[in-house]
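Here's a quick tour of a multi-chain model. Have a look at the structure first, and then we'll go through a few of its parts.

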Amino acid sequence: MPTLVPRRLSEALDALADDPSLTVLAGGTDVMVGVNYGQRRPAGVLSLRRVPELRGWHVDDDEVVLGSATTYTDLLAPDLARRLPALAAAARTVGSPPIRNTGTIGGNIGTASPAGDTLPVLFAVEAQVEVASAGGTRTVPVSEVVVGPKRTALAAGELVTAVRVPVAAGPQEFLKVGVRNAMVIAIASCALVVDLTRRQVTCALGSVGPVPVRDTAAEMWLRARVDWDGGRLSHQSVVEGFGRRMAAAARPIDDHRAPAAYRRYAIEILARRALERAWCAS
Amino acid sequence: MTDVRARPRQRGREAPAGRVGDSVRRPDGPTKVQGRFAFSSDLEADGMLWGRTLRSPHPHARIRAIDLGPALAIGGVACVVTADDVGGAATYGLIAADQPVFASDVVRFVGEPVAAVAADHPDTAQRAIDAIVVHYEPIPPLVDPQRAADAPSIHPDGNVIRRVRIRHGDPGVTGDVVVDGTYDVGMQDQAFMGPESGLAVPDGSGGVDLWVATQWIHHDRDQVAACLGLPADKVRVHLGGVGGAFGAREDVSIHVHACLLALRSGQPVKMSYLRDESFLGHVHRHPAQMRYRHHATYDGRLVKVEAEITLDGGAYASSSSAVVANAARFACGPYRVPNALVDAVAVRTNNPPCGAMRGFGAVQVCFAHESQMDKLAQRLGIPPVELRLLNAMATGDVLPTGQRITGTAPVAECLRAAVAHPLPAEPGDELLERPGGAGRTADLRRVRRGVGVAVGFKNLMYSEGFDDDSEARVRLDDGVAFVSCAVAEVGQGFVTIAGQVVRSVLGVATVVLEPADTASVGSAGSSSASRQTWMSGGAVLRASRLVADQVRSALARRLGVPPESLLLTDEGRITSADADAHTPPEVDVTVAQAAGREVFEATAVHKHRLTEPLDAETGQGQADVSYAFAAHRAVVDVDIDLGLVRVVQVATGQDVGKVLNPAQVTGQIEGGIAQGVGLAVMEEIVLTDGLVRNPSFTDYLIPTFADAPEVLATCIEQPEPGAPFGAKGVGEPPTISSTAAVVAAIRSATGVDVSRVPVHPWDLI
Amino acid sequence: MVRVVRAEAYELVVNGVVRRVDGALETESLLRVLRDRLGLPGAKNACEQGECGSCSVLVDGVLVCSCLELAAAAAGCEVTTIEGFAPEGASAGAEPSDALLTDVQQAMVDAGGVQCGFCTPGFVVAIHDLLDRVPRPTGPEVREALAGNLCRCTGYGRILAAVEQVVSVRTAGPAT
């Protein structure tokens, strides 16, 4: 069976409908590691390299529609970065330049790693994921696509084709803790998104749960303590309170990278710092 | 003889111009930057098969049965070998031959080789490996080194590899002040970039040629021949291009396996480990648990040092008996210590085998003794630098082994030089210069800077009576010098030095370095113990001088003058010995010019003065040839809430004897410091019940470009008596005290009493 | 029963030359095809996980880890390996010789940025890519851009010096 390199999305979807067991290959930065080490033996490969509909991005009203083949390097380009600053901040921390040139946002979603760097941002902005199959398309909140550690709710024959991310309507922060300064898997991360128009704050945590963690109660607690008109927090203690709430929401585990207790503690610091910075910025 | 292609064909490298003392460019630089340099993993041969190794998933288990049938049934598989196919010695080892080529009845560590396969493609070989069925009966593993000595033996040689006791001075004396500490060093990995690899080619008459990346081709040849049951001359080991070593290539890896497969199949066999296998396939640095007690006077003079040191040698001995002797000899640090009690032991466990890594036992004890010195400094209210200067060793002082230092020992100078360097600027707006980097975690209000110092030392050359030598042959032929020396060039730049030495003696422009193999020249010894410049540089120097002498004699005969009337200079020239006499034009030429078209050749062996073993009860003995010292000062910034560390700067003063090539010395210093930084803040093989949890670069983290500190280095040049050119080896010292300095800086920044390396963020909060 | 799938023959354009790959396994990475089938061992196999940069090549002008590229899926792409870097003016297909070094390669040799050399091809490719995009990078920009290339021998100091040397010479312009 040859490696399939379709030239149109419809070809890709038809191929996937014919054989849902095909291994979908976008950037390959996750799939190829398993292939090189003999852990993955694809029966067939569907490469998305030349599917034009998956590349590029455009602005649709107050959303940016990112083709799922948008790379991390693409996300760092000034035009995108200023519209989606937290996503750009996250993209900057992924791997290394060659990895960023190749890895895609669709891949980050499809791999659904608990440590996937863009995922806390996508959860915090409540990104919508466009999914297509030969049978049609659907648009789903990212939290309904990334449903478990390395588990998505994509059905057989489905591909992520695009991600809709709201243009920043206020300050956004992304902070990631790693033991080394580059090329490091997050042991805790925090995405904080302030929407000044809607007057809400959302926060999602990475690497401290099977999927990114939000706590809507904490978000509402915070929202109520923001002096939206004055552009400040009602009291300094709000920062500490928010940090504690987010730390309590985290569900970290011990593993060979870091102990759970540190991860939870780090979240408290990250949430506080993200909030402080967001409020200095706004 | 099969034509081995190293694309392009491997040939001697011409060395660019430049003599001893110049920053001569390395001769293999151009081919390396073009990607044409043939590493051992780049070799290929017609009809080549690919080899793969089957390794134990258990840290300790009996092997009840091995079923090779499913592997042999796979198309493309040429052969499978196990312990039953080892025709010679079943075991090998650097010092004691205690390690099986293949496990037969028991496996003793995760990753122990059980079988090997040769097939037409690496994927076929891997499928064959996966198809072999081994019936294991797991046994509870012994993984706690503190319990090893009293636990049931996991090996016929017992669980104690070696104990070293040092009793120096008066055991009963005490000091005004006593400081205790317990220190741990985790398992570091050499993590060279070029994975274990090579090519074995059967010669058709029962012998084999092996191209391999290694540190000592002759010792490899001896072990391989013994295991194959062949006489030494039927096994020829050729140096394949080496992608770094740092001690991890002292033990054989693919060697016997590849040769067995090649001889069995009758075809060349290439083996090249993937990175996960590489982490299992070589020895690591010994984890250490150390308990220390320092006694001092109120005014800061060391009175006595007591140390108990346990090194986890893992399943097989490798060079553990030498590492533990090093740990013991250097346990007290480069200080005047009139009384010392040191008990060091290397034990056997079912953890991965440990052996040589740059620093060889001195790194671990340096962390302990320097941590102790800082504790003492704090207790006494004496600044850390001053306390060290007060006690610093110098020429004429005596080690705890009773050996008096007769060579140079500029400990104080190294320390003063290290701390004389300017301190770095405070962190500013640049994100990457803050702890946490692009992760954007840092809040500058919560970043504290710390400064720490450390001093360390170790032996140069092998010790305890090891009769080491190195051989080199130099041939002068029509203005070109050809050097044959079996040194394993592992990146350190011996190939450059060799050319510099020859040019300095013979005045040639062109020096060609012949490829190294065991058939063409005698042993040059191991590229380890910071010994090659001294020993093999010495051999090349001797051989060159013999050639120069021959040329002088020939010229003297031609001129009809006594040879003593002609002088050989340091720039490779022959001049008249009598400055006043009329100098004929045939004189005052380079040696090469004087040689004309006549061919001159000499072979020489360089040895160092003999050393002694240590007394088994007291650890006393003249065990070492020479010592090298280094001091480091580290500056770190720590995010005191998250515990993230950025190593900002490491400054050093290093005792080098004489700088033969400034650029290469800088390279050794910067590279060694990076490894020291790695051990301080990020590098550790994580084990759970003997299982390696992080056999990949994803989770075994070494410093990247973004983690490397600024390095400021001063070389202290006090020529070492007895060393060719007075040059000391420079490979290891930069690694020895850099770790301790970084940790001292972290303590200073955080106030946390760190006692284990690598330091994790969660240790600091 | 493990299935072994052979890819249909495909073509890669490598260093400007069309190369046919026949009989490769579908699962072979571009790195493996370059090294084991196309006689181009310059890209290195230090990790084959995208964690070290020793396999760095350009694919359609973009810096990537060749170990993470499925070769069969790169059919038709233009691949530039270390073997394809030569100074301007060097004729294509010329025999490699020690004299034909780009300024980056020469600087790496001059500055002492090469020890064992295993990481070196990856660095040369990455440095060329960086300087083509950012002609005068700051120190931190260099460090971040090259953070994907691991070196175990040099500690990176001499490599930084090499990059600074190239930038300084290129900025000064042609020698008068």
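How many residues of domain 1 of chain C are in contact with domain 2 of chain C?

## Two domains in chain C

Keep in mind that this is a predicted model. Chain C splits into domain 1, residues 10-84, and domain 2, residues 103-171. As for the contacts, 13 residues of domain 1 of chain C meet 11 residues of domain 2 of chain C.

## Where chain B touches chain C

Here, 53 residues of chain B are in contact with 47 residues of chain C. On the chain B side, helices H1 (29-33), H3 (122-131) and H15 (662-681) each bring at least two residues. H15(B) gives the most, with eight residues. Sorted by class, the chain B side has 22 nonpolar, 18 polar and 13 charged residues.

## A covered strand in chain A

Now for strand S11 of chain A (residues 188-195), where seven of the eight residues are buried. S11(A) pairs antiparallel with strand S10 of chain A (residues 172-177) over six bridges, and Val177(A) stands opposite Ala188(A).

S11(A) also runs antiparallel to strand S12 of chain A (residues 200-206), joined by seven bridges. In this pairing, Asp195(A) is opposite Gln200(A). The hairpin of S11(A) and S12(A) has four residues between the strands, and Arg199(A) takes a positive phi near 55° there.

Conventions: Residues are numbered from 1 along each chain as its sequence is written. Chains are lettered from A and ligands numbered from 1 in the order in which they are written. This is a predicted model: local features need pLDDT of at least 70, side-chain atom pairs count only at pLDDT 80 or more; totals for chains, interfaces and linings use all residues. Two residues are in contact if their C-beta atoms, placed from the backbone, lie within 7 Å. Ala, Val, Leu, Ile, Met, Phe, Trp, Tyr, Cys and Pro count as nonpolar, Asp, Glu, Lys and Arg as charged, and the others, Gly among them, as polar. Domain bounds come from an automatic or database domain assignment. A residue is buried if 20 or more other C-beta atoms lie within 10 Å of its own, exposed if 12 or fewer, and partly exposed in between; C-beta atoms are placed from the backbone. Two strands pair if DSSP finds at least two bridges between them.
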